[in-house]
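Here is a friendly briefing to read alongside the model. Please keep the viewer open as you go.

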Amino acid sequence: MAGSGPGGQSPQGGRTLRWGVVATGRIAHKVTRDLARLEDAQLHAVSSRSQGSARAFAEEHGFAASYHDGPSGSGYQQLFADPRVDVVYVATPHAQHFEVVRAALEAGKHVLCEKPFTVNASEARELVQLAGERNLFLMEAVWTRFLPATRRALELIRGGTIGTVRWVQADLGFPAAYDPADRLWDPAAGGGALLDLAVYPLTWAVAALGFPQRLTAQGHLNQDGVDVQNTLTLKYPEGAAAQLTSSLQAAGPGMATISGTAGWIRTGSPLFNPRTLEICGLDGRIEVEDFHEEAEGFIHELRETARCIRAGLQESPLMPWNETLQVMELLDQAREQLGLRYANDLREAGT
Ligand SMILES: NC(=O)c1ccc[n+]([C@@H]2O[C@H](COP(=O)([O-])OP(=O)(O)OC[C@H]3O[C@@H](n4cnc5c(N)ncnc54)[C@H](OP(=O)(O)O)[C@@H]3O)[C@@H](O)[C@H]2O)c1
């Protein structure tokens, strides 16, 4: 929903935030469709490496400005230098998240960055520190955390409806056609099931059970060195556990089940955007709650980003920095055990 003039007061009374979108790939289109529906948001600028993509994206979604690589430098940098941009949504492949987000923060922009936040925890820590120093808002776009169904599930879990949580089981997978040019399979883009998919099962485990005492990872790397499937086992005090599978080889139910001493909750599929919750007590009676989803579901993370920026927050209480860092640390541990290495790991922290 278009707001008033640049940086002015919106009809709702909140300051209209002027958004910049970085990259014009698949997810950028989807999220931007929800951004166009957001209250008090102005679609100010989009940037791309290519002029054609930047212009086509700007025209399709109604951005006032577009930037691209050329004699004036990188399109992304030009967007960061635009003083009319308040907040940037970053939708490049994972391997570029660190450099792009760092440049945006250094230019004084608030940032919402796609998942996985970075390729490794060291990059994530550096970005969080930078946002802290610059007093800027920064958040990983784990849209699942902001959905009404997820918030309801966590409210029930934290309210004790299923007693003490003892185990979580979650999976996400699909048979993806091998295409070495696609970021999913490309080691240079941070390809593989772990970084692309495991974030979601892990998000449910960490939200329900917290940070584990130990993580054990099993999986298989293909000839290019990216993982085609992985299973993570998380161990918690007193035997509580999570078992999480993500796969680029096989389809699964794509659900999360959270089991406790007084019952269980199962999300609808897919677990990254559930529209139903099944809730079962010890009497075996299953209640189903339905959730009507607004737009494509990305609007909730966008709304939370805008709310936090207006409130002067640097991090969202729904998806705090610590949770992003914990998930990145678990991904690092899994990668270590799987032998999964990326070029980003060679970069020394602080350079
Ligand atoms: N939240 C979700 O549900 C969700 C879903 C899918 C993906 N994602 C995440 O979003 C990110 C992007 O995924 P995607 O599926 O949109 O990828 P994609 O279709 O490959 O698009 C990525 C875009 O990034 C830009 N880019 C910058 N440097 C690049 C490089 N070296 N190689 C390739 N592209 C580069 C390109 O845009 P320009 O040419 O315009 O610069 C490209 O179109 C990933 O981190 C992924 O994990 C999230």
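Ser 47 stands opposite Tyr 67 in β3, in a predicted model. Strand β2 (residues 41-48) and β3 pair in the parallel sense over four bridges; here two strands pair if DSSP finds at least two bridges between them. Helices (H or I, at least four residues) and strands (E, at least two) are DSSP runs, numbered from the N terminus.

Two notes on how to read the values: residues are numbered from 1 along each chain as its sequence is written, and side-chain values use heavy atoms, with hydrogens and water left out. As this is a predicted model, local features need pLDDT of at least 70 and side-chain atom pairs count only at pLDDT 80 or more, while totals for chains, interfaces and linings use all residues.

**The six-stranded sheet**

- The strands of this open sheet follow the order β3-β2-β1-β4-β5-β6, with parallel pairing.
- At the edges stand β3 (65-68) and β6 (138-141), each with a single partner strand, so one side of each has no neighbour in the sheet.
- From one strand to the next, the twist averages 20 degrees.
- Helix α2 (residues 51-61) packs on this sheet and touches β1 (17-22), β2 and β3, where contact means heavy atoms within 4.5 Å.
- The direction of α2 makes about 165 degrees with that of β3; axes are lines fitted to C-alpha atoms, for helices over the stretch in contact, and angles run from 0 to 180 degrees between N-to-C directions.

**The eight-stranded sheet**

- A second open sheet has the order β8-β9-β10-β7-β11-β12-β13-β14, with mixed pairing.
- Its edge strands, β8 (214-221) and β14, each pair on one side only.
- The twist here averages 10 degrees from one strand to the next.
- β11 and β12 pair in the antiparallel sense over four bridges, and Gly 260 has Gly 263 in β12 as its bridge partner.
- Helix α9 (residues 321-338) packs on the sheet, touching β8 and β9 (227-235), and its direction makes about 50 degrees with that of β8.

- β13 and strand β14 (residues 286-290) pair in the antiparallel sense over five bridges, with Cys 280 opposite Ile 286 in β14.
- Four residues lie between the strands of this hairpin, where Gly 284 takes a positive phi near 80 degrees.
- Glu 289 lies in β14, and its side chain makes a polar contact with that of Arg 152 at 2.8 Å (a pair of N or O atoms within 3.5 Å; within protein, one must be able to donate a hydrogen and the other to accept it, and residues adjacent in sequence count only if both atoms are side-chain atoms).

**Helix α6**

- α6 lies across β7, β11, β12, β13 and β14, running at about 15 degrees to β13.
- The buried residues of α6 (residues 148-158) are Ala 149, Thr 150, Ala 153, Leu 154, Leu 156 and Ile 157; buried means under 20% relative accessible area, exposed over 50%, partly exposed in between (1.4 Å probe, protein chains only).
- They cover an arc of only 160 degrees around the axis, which puts them on the same side of α6; the arc is that of the directions from the helix axis to the C-beta atoms.
- Gly 160, which follows α6, has a positive phi near 90 degrees.
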